Amino acid sequence: MTALQPTKLSGIARPADVGAMLAEICEHFVEHSDVVHADGVATLKSQDWTIHIVTAEDVLQIEISTLGEEALAVTRTMFAEHLFYFAGDEPFSLEWSKPAAKVKPPGFHEATVVGVKDVTPRMRRVTLSVADVSPFLDRNMHVRLLVPPKGQTPVWPHLQENGRIGWPDELLVRIYTIRCVDAEARQISLDILQHPAEGVATPGADFARVAEIGQQVAIMGPGGGGLPDAQDIFFAGDESALPAIARMVEDAPSGVTMRAIIEVEDAGEEQPFGGLSPVHVEWLHRSSYSVGDAHVLVDRVKTALKDVEDETFVWFAGEKADVRTIKRHLAEKARDRRRQYVAWYWEKES
Ligand SMILES: Cc1cc2nc3c(=O)[nH]c(=O)nc-3n(C[C@H](O)[C@H](O)[C@H](O)COP(=O)(O)OP(=O)(O)OC[C@H]3O[C@@H](n4cnc5c(N)ncnc54)[C@H](O)[C@@H]3O)c2cc1C
């Protein structure tokens, strides 16, 4: 096998406020990388990439270093998407020393639906066949699922020169977790929650309900990390986080101690976990809550965190407002942010 060569790419970002954007970049990436930030210069270093950023008057000079061209393309797109997200509605431009070619985005894989079944009454498993399963064998476990309109020739996304992804309007795009991988069969499975609400469309959930064997879709990824590198882990979340928690529990090597607090609709939604290390799960049943019990999961997690050691890795995912509350709570406890993953997986419509 040929060793991957060190590769670099430089870029210039023009945000409305360079200082504010650099601060936001550092604030966000501290949970995904080692961040050193002082005097307008920042270095973000993960296992797969280093991103060096220098403030120069009204621009941010960026240099991305990775091993190999593929990792460089993945990192450029990941970083470009973040920068545009941070810019929001403010004017922003991004140029690279070598513009991205108009090709399919890194990590793009066409896939075919080969199985659909209910895991529990509200959790539907969709199994997809992919030509190359090897990218899905490591710990990274989140993907974008791309569903074209049924009966039409799919139009897939392409990269734009600034590294961002250009999305065709008609494509349904939702993020899910790879619940399990069957390397031999070259298949991956996603567990997709059914969360019906009267008068509200739920396109991702609907896809899982009506998916047909042979249906063409695509996935992009994987990304977003997976099992934390820790000896003791505290997991918590709702059903959107359940596939991720189950996957990590089953990926954990023997000897890791784990506990979890998971909120589901009722006892019928509880799932057994496999794996080498046992996990103690406390299931919360939403259907048993009294009217007005809006914060049961968050309150229970806050109480449980009183007994969680500083060395324990804290993992929490769920609804945006709950995640914000838990983030604030952890910040008040002044925990090391490298020993936590707190991410919102969906947003309640107000
Ligand atoms: C990293 C990551 C991993 C994820 N993994 C999974 C996974 O493995 N399985 C999974 O089912 N979801 C997962 N999610 C969450 C999923 O992407 C969202 O729930 C998504 O919004 C569902 O799309 P939809 O089209 O069904 O509903 P949307 O069109 O997004 O929303 C329609 C309505 O449903 C509400 N809604 C959306 N999601 C939920 C929910 N989970 N519970 C209750 N109401 C909801 C919205 O508030 C809105 O009112 C993940 C999200 C992220 C970011």
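Me: In which strand does Glu-282 lie?
Reply: Residues are numbered from 1 along each chain as its sequence is written. This is a predicted model, in which local features need pLDDT of at least 70, side-chain atom pairs count only at pLDDT 80 or more, and totals for chains, interfaces and linings use all residues. Helices (H or I, at least four residues) and strands (E, at least two) are DSSP runs, numbered from the N terminus. The run that holds Glu-282 covers residues 279-285 and is strand S17.

Me: Is Glu-282 buried or exposed?
Reply: A residue is buried if 20 or more other C-beta atoms, placed from the backbone, lie within 10 Å of its own, exposed if 12 or fewer, and partly exposed in between. Glu-282 has 12 other C-beta atoms within 10 Å, so Glu-282 is exposed.

Me: What distance separates the C-alpha atoms of Glu-282 and Ala-218?
Reply: Along the chain, Glu-282 and Ala-218 are 64 residues apart.

Me: Is Gln-47 buried or exposed?
Reply: Gln-47 sits in the loop between strand S3 (41-45) and S4. Inside 10 Å it has 7 C-beta neighbours, so Gln-47 counts as exposed.

Me: What span should the 19 residues of H2 have, and what is the distance between its end C-alpha atoms?
Reply: The expected span of a helix is 1.5 Å times one less than its number of residues. For the 19 residues of H2 this gives 27 Å, which agrees with the distance between the end C-alpha atoms, 27 Å.

Me: Which strands do the buried residues of H2 pack against?
Reply: Leu-72, Ala-73, Thr-75, Arg-76, Thr-77, Phe-79, Ala-80 and Leu-83 are buried in H2. Contact here requires C-beta atoms, placed from the backbone, within 7 Å of each other. The strands against which the buried residues of H2 pack are S1 (6-14), S4 (49-56), S5 (59-67), S6, S10 (158-159) and S11 (165-166).

Me: Which element gives the largest share of the side of domain 1 that touches domain 2?
Reply: Domain bounds come from an automatic or database domain assignment, which gives domain 1 (6-96), domain 2 (108-223) and domain 3 (232-346). Eight residues of domain 1 are in contact with five residues of domain 2. Helix H2 (69-87) and strand S6 (93-96) each supply at least two residues of that side of domain 1. The largest share, five residues, comes from H2.

Me: Between which domains does the shell around the ligand lie?
Reply: A residue is near a molecule if its C-beta atom, placed from the backbone, lies within 6 Å of it. The ligand is surrounded by 23 residues, the closest being Thr-177, Leu-193, Gly-204, Tyr-345 and Trp-346. Two domains give residues to this shell, so it lies between domain 2 and domain 3.

Me: Which strand gives the most to the shell around the ligand?
Reply: At least two shell residues each come from strand S12 (172-182), strand S13 (187-193), helix H3 (203-210) and strand S19 (340-346). With four residues, the strand that gives the most is S12.

Me: What radius of gyration does the protein have?
Reply: The radius of gyration is taken over C-alpha atoms, and the globule rule is 2.2 Å times the number of residues to the power 0.38. With 350 residues, a compact globule would have a value near 20 Å, which agrees with that of the protein, 21 Å.

Notes
Two residues are in contact if their C-beta atoms, placed from the backbone, lie within 7 Å.
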